Amino acid sequence: MIRKLYILLCLAFAVLAATAQTDRQYIRRGNAAFAAKKYGEAEVNYRKALAANGQNAIAAYDLGCAMQAQHKDSLAIQNYTLATENEANKARRASAFHNLGTVFQGKKDYQKAVEAYKNALRNNPQHTNARYNLTQCMRLLKKQQQQQQQNKQQQKNDKKDKNKNKNNDKNKQQNPQDKKKQDDGMSKDNAEQMLNAAMQEEKATLERLKEHMKQSPSRHLEKNW
């Protein structure tokens, strides 16, 4: 019984050793393919390494590099993040955070890039690339935020101008009617004034004629000689 238990334990250790050896072998094959710029082949081997050992932070980091080389940013972020979670070595964790920052920087997500570079420096204050990229991203983030603020203000101004033009167009549509009413009103007043003036003139003429007839002598037809 003891002998059988010993054999089972030996077999278990042998399987574990073979598994550990296998993920390292896949990583070595992946590294060779990556060096030859065969990123698809490298990806396959790194995936096999992770399948053999899901906690292998180096395999996750390497897979992130292969994904980033193929412009598969979402998968690169996923694997770099996995590497930062599983890696115990601070220097290697800093490298994972740094590469994570480069992906965000390439996507112009400067806020997340800044945070990633800060995490890289927290793990390795001597990481020169992380420090340089952090400075660059902080400058770009400030510029981006200013541009966003300007765009927001421009949209606000455009909305005001649009409303102003809309009101002006509405007033222009109303003004001709008002002007027409005003012109109609003025024409009516002028007509009444002219009519009253004519009536007054006619009345004055009749009065003058009556007065003249009173003052003139009567005329009779003269006889013929």
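**Close-up 1. Asp109 and its salt-bridge partner Lys112.** Asp109 is partly exposed, at 27% relative accessibility. Here, partly exposed lies between buried (under 20% relative accessible area) and exposed (over 50%), using a 1.4 Å probe and protein chains only. The Asp109 side chain meets that of Lys112 in a salt bridge, 4.0 Å from N to O. A salt bridge is a side-chain nitrogen of Lys or Arg within 4 Å of a carboxyl oxygen of Asp or Glu. Lys112 is also partly exposed, with a relative accessible area of 46%. The model is predicted: local features need pLDDT of at least 70, side-chain atom pairs count only at pLDDT 80 or more, and totals for chains, interfaces and linings use all residues. Residues are numbered from 1 along each chain as its sequence is written, and side-chain values use heavy atoms, without hydrogens and water.

**Close-up 2. Glu43 and Arg47 in helix H2.** Both residues lie in H2 (residues 39-52). Helices are DSSP runs of H or I, at least four residues, numbered from the N terminus. Glu43 and Arg47 are four residues apart, about one turn of the helix. Their salt bridge puts the closest N and O atoms 3.0 Å apart. Glu43 is buried, at 10% relative accessibility. Arg47 is partly exposed, at 40%.

**Close-up 3. Arg122 and Glu115 joined by a salt bridge.** The N to O distance is 3.5 Å. Arg122 is exposed, with a relative accessible area of 53%. Glu115 is partly exposed, at 38%. Elsewhere, salt bridges with shared partners join Glu43, Arg47 and Lys72 into one network. The whole structure holds five salt bridges.

Technical notes
Helices (H or I, at least four residues) and strands (E, at least two) are DSSP runs, numbered from the N terminus.
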